[in-house]
Amino acid sequence: MRTYKGIKYTLFFCCYIFWVASGVLFAVGIYAKLAKEKDVVDTLTTDPALLLLTVGSLMFIITFLGCFGALRDASILLKMFLGILLVILLLQIAAAVLGFLFSDMVLHRTEQLMKKAIVLYREDLDLENVIDFVQKKFLCCGVDDYTDWSQNVYFNCSEKNPSLEACGVPFSCCVRQPNETVFNSMCGYETQRDESSPSERIYTKGCLEKIVLWGKQNLLLVGGMSVSLLCLEICMIALAAVQLGQIQKVQLKKKKASGRPQNSTPY
């Protein structure tokens, strides 16, 4: 009985933590969505707010099933929770295998998505912040190189472009000078026309190469996080399966007890 209670409340505690985290993600996504303008492009791959809403909603539903299924010994909820986790686990394994076998295709698709994000840079404030964060974090500019920013209508390097940022790059591409006290947000202006030494003002290497290089250098960290996530999912699946088995045993004993004929006392 103590073992059963330990399994029950361990599963409830794990699901509760992810349930709270999913609520936070959903609230942040709602706030970011309401703070946006009405004319932004809503696509899952280029809208961080929509991505937060989707992930938060899915986590909330799944962990809700696990929390109340474990707490109330509801076999139906636990079966749904167990089935959804098994499907997610299989999809993750399949995605990892396919990503390894078709790494070139995945890299090409990632490059396309990143270039699409550059085109929509000024259309979504959340997407703009994400791109700026990546470029400042990895000390890079663009996807393949800094000239990718010419694909954006504001940074397009053409004579007909009336934008003040024409033929430039965002400020997140700029190299911070050692003695710089006040950051110059206009440091990326006209850098695409600078053919002599643009590397003195901005980072010229693309972010895709830097991200791939970071992944290779931190392969142990990335692999460890992935394995830890898979182990956590497997543990939750095992806990749900054990509790479901115990519930079914109790229900079976009750059926046998209710169907057993009672001894009558003769007078």
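Buried, in this tour, means under 20% relative accessible area, with exposed over 50% and partly exposed in between (1.4 Å probe, protein chains only). The model is predicted: local features need pLDDT of at least 70 and side-chain atom pairs count only at pLDDT 80 or more, while totals for chains, interfaces and linings use all residues. Residues are numbered from 1 along each chain as its sequence is written, and side-chain values use heavy atoms, with hydrogens and water left out.

**Stop 1: the disulfides**

Select the cysteines. The structure holds four disulfides (pairs of cysteine sulfur atoms within 2.5 Å). A disulfide is a covalent bond between the sulfur atoms of two cysteines. Counting bonded cysteines along the chain, the pattern is 1-8, 2-5, 3-4, 6-7.

Start with Cys-140 and Cys-207, whose sulfur atoms are 2.0 Å apart. The S-S torsion of Cys-140 and Cys-207 is about 90°, so this disulfide is right-handed. Cys-140 sits in the loop between H5 and H6 and Cys-207 in helix H6, so the pair ties together parts 67 residues apart in sequence. Helices here are DSSP runs (H or I, at least four residues; strands are E, at least two), numbered from the N terminus. Cys-140 is buried at a relative accessible area of 0%, and Cys-207 is buried at 2%.

Next, select Cys-141 and Cys-173, a disulfide with its sulfur atoms 2.2 Å apart. The link of Cys-141 and Cys-173 is right-handed, with 85° about the S-S bond. Both Cys-141 and Cys-173 lie in the loop between H5 and H6, so the pair ties together parts 32 residues apart in sequence. Cys-141 counts as buried at 0% relative accessibility, and Cys-173 also counts as buried at 0%.

Then go to Cys-174 and Cys-187, joined with an S to S distance of 1.9 Å. The torsion about the S-S bond of Cys-174 and Cys-187 is about 105°, so the disulfide is right-handed. Cys-174 and Cys-187 both lie in the loop between H5 and H6, so the pair ties together parts 13 residues apart in sequence. Cys-174 is buried, with a relative accessible area of 4%, and Cys-187 counts as buried at 15%.

Which cysteine sulfur is nearest to that of Cys-14? Cys-14 is in no disulfide, and the nearest cysteine sulfur, that of Cys-15, is 6.8 Å away. Cys-14 is buried, with a relative accessible area of 18%. Cys-15 is likewise in no disulfide; the nearest cysteine sulfur to it, that of Cys-67, is 5.1 Å away. Cys-15 counts as buried at 0% relative accessibility.

**Stop 2**

What does Phe-81 touch? Leaving out residues up to four places away in sequence, Phe-81 touches Leu-11, Cys-15, Ile-62, Leu-65, Gly-66, Met-236 and Ala-240. A contact here is heavy atoms within 4.5 Å.

**Stop 3: the largest pocket**

Now display the pockets. A pocket is an open set of points on a 1 Å grid over the protein atoms alone, where a 1.4 Å probe fits, with protein on both sides within 12 Å along at least five of seven lines; lining residues have an atom within 4 Å of a point. Grid points are joined across faces, edges and corners, and a volume is the space filled by probe spheres set on the points.

About 1,300 Å³ of space lies in the largest pocket. To centre the view, select Val-106, Thr-110, Met-114, Leu-208 and Ile-211, the closest to its centre of the 33 lining residues. Two or more lining residues come from each of helix H2 (48-71), helix H4 (103-119), helix H5 (125-138), helix H6 (207-217) and helix H7 (219-259). H4 gives the largest share, eight residues.

Colour the lining by class: 21 residues are nonpolar, 10 polar and two charged. Nonpolar covers Ala, Val, Leu, Ile, Met, Phe, Trp, Tyr, Cys and Pro; charged covers Asp, Glu, Lys and Arg; the others, Gly among them, are polar.

**Stop 4: the second largest pocket**

About 340 Å³ of space lies in the second largest pocket. Select Met-59, Ile-62, Leu-85, Ile-88 and Glu-233, the closest to its centre of the 14 lining residues. H2, helix H3 (75-101) and H7 each give two or more residues to this lining, with the largest share, five residues, from H2.
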